[in-house]
Amino acid sequence: MNKLYEKNELTFALVCIAAYCALQSAANPLNRLLGVDYAASALLGIAQAAALFLFLKKNNLLKRYGLCRSAVPARRFLYYLPLMFLATRNFWSGFALRLDIAGVVCYTACMLCVGFLEEVIFRGFLFRAMAKENVKTAIVVSSVTFGLGHLLNLVNGSGAGLAENLFQVTGAMAIGFLFVTLFFRGGSLLPCIAAHAAINVTAVFSNDAGLTMETRMVLHLILMAVAVAYALFLTRTLPQRGEPGNTAG
């Protein structure tokens, strides 16, 4: 990992994305083989998260990739209230439990790791590598790539249908735009990781099954509108931080 990272940061980011997607997709048939929902996904997620964190810590890269507190006061981010609101999205239509206890434990462990991994890979590695050349391009590519990555759910055995997947892709793009803005303007990925993990974990308790397509569309548009509006607000009210992660304390 070290040699690849030192040779080319962007290539390293792309390899990490490919490896992450491949391992998460491979986990789905293993889950069925083990007979416990998300068991293999949890184990692979924990292993990947641990390896990535140790790599960053060993090479003194935690601050560079936002695993630190932001130097910008929370009030400048409206105390992250819009982010907390978005984290409740899965409860907007009620509460339901779709897995047994073992499945919930494995799903929670998996999704906590996914929140960490995807933020570090997409908002940390990919954005950071591209921002050296052009920040605007880096923001767009990071957001769009993150959204399009959810297309894998159509073919990796997760069971997502076309309509559900389109919601995932477009919602992920909007959320990705917000998260990369938070990172670039504040220098910390911790709020993004926390919100991402919360959104992922609470999805298992969502009660969207009985909603009409029209209602789901309205809720989805609210989520996208809040995410984009909050990101644009931060863009207009906070100065650029220059080198992400280097100004946070």
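How many disulfides does the count come to? The count comes to zero disulfides. The model is predicted. A disulfide is a covalent bond between the sulfur atoms of two cysteines. Two cysteines illustrate the result. Cys68 takes part in no disulfide. Its nearest cysteine sulfur belongs to Cys192 and lies 11 Å away. A disulfide needs the two sulfur atoms within 2.5 Å. Cys68 has a relative accessible area of 11% and is therefore buried. Cys110 is likewise in no disulfide. For Cys110, the nearest cysteine sulfur is that of Cys113, at 7.1 Å. The relative accessible area of Cys110 is 2%, so this residue is buried.

Cys110 and Cys113 also belong to a helix contact. Both are among the residues of α5 that meet α3. Two packed helices are described by the angle between their axes and the distance between the axes. Helix α3 covers residues 39–58, and helix α5 covers residues 101–131. The two pack at an angle of about 40 degrees. Their axes are 8 Å apart. The helices are therefore oblique to each other. The crossing of α3 and α5 is left-handed. On the α3 side, the contact is made by Ala39, Ser41, Ala42, Gly45, Ile46, Gln48, Ala49, Leu52, Phe53 and Leu56. On the α5 side, the residues are Cys106, Ala109, Cys110, Cys113, Phe116, Leu117, Val120, Ile121 and Phe125. By class, this contact of α3 with α5 holds 16 nonpolar and three polar residues. No charged residue is part of the contact between α3 and α5.

Helix α5 also packs against α6, which spans residues 135–148. Here the angle is about 150 degrees, and the axes are 8 Å apart. Angles over 145 degrees count as roughly antiparallel. That makes α5 roughly antiparallel to α6. The crossing of α5 with α6 is right-handed. From α5, the contact draws on Glu118, Phe122, Arg123, Leu126, Phe127, Met130 and Ala131. From α6, Val135, Thr137, Ala138, Ile139, Val141, Ser142, Thr145 and Phe146 take part. The contact of α5 with α6 comprises 10 nonpolar, three polar and two charged residues.

Val180 sits in helix α7, which runs over residues 162–186. Its relative accessible area is 0%, so Val180 is buried. Which residues does Val180 contact, leaving aside its neighbours within four places in sequence? They are Arg123, Phe127, Ile139, Ser142 and Ser143. Arg123 and Phe127 are among the α5 residues that meet α6. Ile139 and Ser142 are among the α6 residues in that contact. Val180 is 94 residues from Leu86 in sequence. In space, the C-alpha atoms of Val180 and Leu86 are 15 Å apart.

Helix α7 packs in turn with helix α9, residues 213–237. The angle between α7 and α9 is about 15 degrees, and their axes are 9 Å apart. Angles under 35 degrees count as roughly parallel. Helices α7 and α9 are therefore roughly parallel to each other. Helix α7 passes α9 in a left-handed crossing. The contact of α7 with α9 includes 17 nonpolar, five polar and three charged residues.

Two further residues of α7 were examined. Thr181 is found in α7. Thr181 is buried, with a relative accessible area of 3%. Not counting residues up to four places away in sequence, Thr181 touches Gly186, Ala231, Leu234 and Thr235. Glu164 is also found in α7. Is Glu164 buried or partly exposed? At 35% relative accessibility, Glu164 counts as partly exposed. Glu164 and His196 are 32 residues apart in sequence. Their C-alpha atoms are 18 Å apart in space.

Most residues other than glycine have a negative phi, and most peptide bonds are trans. Leu78 is not a glycine, yet has a positive phi of about 55 degrees. Tyr79 is not a glycine either, and has a positive phi of about 55 degrees. Leu78 lies in the loop between α3 and α4, the latter covering residues 81–86. Tyr79 is found in the loop between α3 and α4. The relative accessible area of Leu78 is 36%, so Leu78 is partly exposed.

Technical notes
Residues are numbered from 1 along each chain as its sequence is written. This is a predicted model: local features need pLDDT of at least 70, side-chain atom pairs count only at pLDDT 80 or more; totals for chains, interfaces and linings use all residues. Side-chain values use heavy atoms; hydrogens and water are left out. Axes are lines fitted to C-alpha atoms, for helices over the stretch in contact, and angles run from 0 to 180 degrees between N-to-C directions. Helices (H or I, at least four residues) and strands (E, at least two) are DSSP runs, numbered from the N terminus. Angles under 35 degrees count as roughly parallel, over 145 as roughly antiparallel, 65 to 115 as roughly perpendicular and the rest as oblique. A crossing is left-handed if the near helix is turned anticlockwise from the far one by less than a right angle, and right-handed if clockwise. Contact means heavy atoms within 4.5 Å. Ala, Val, Leu, Ile, Met, Phe, Trp, Tyr, Cys and Pro count as nonpolar, Asp, Glu, Lys and Arg as charged, and the others, Gly among them, as polar. Buried means under 20% relative accessible area, exposed over 50%, partly exposed in between (1.4 Å probe, protein chains only).
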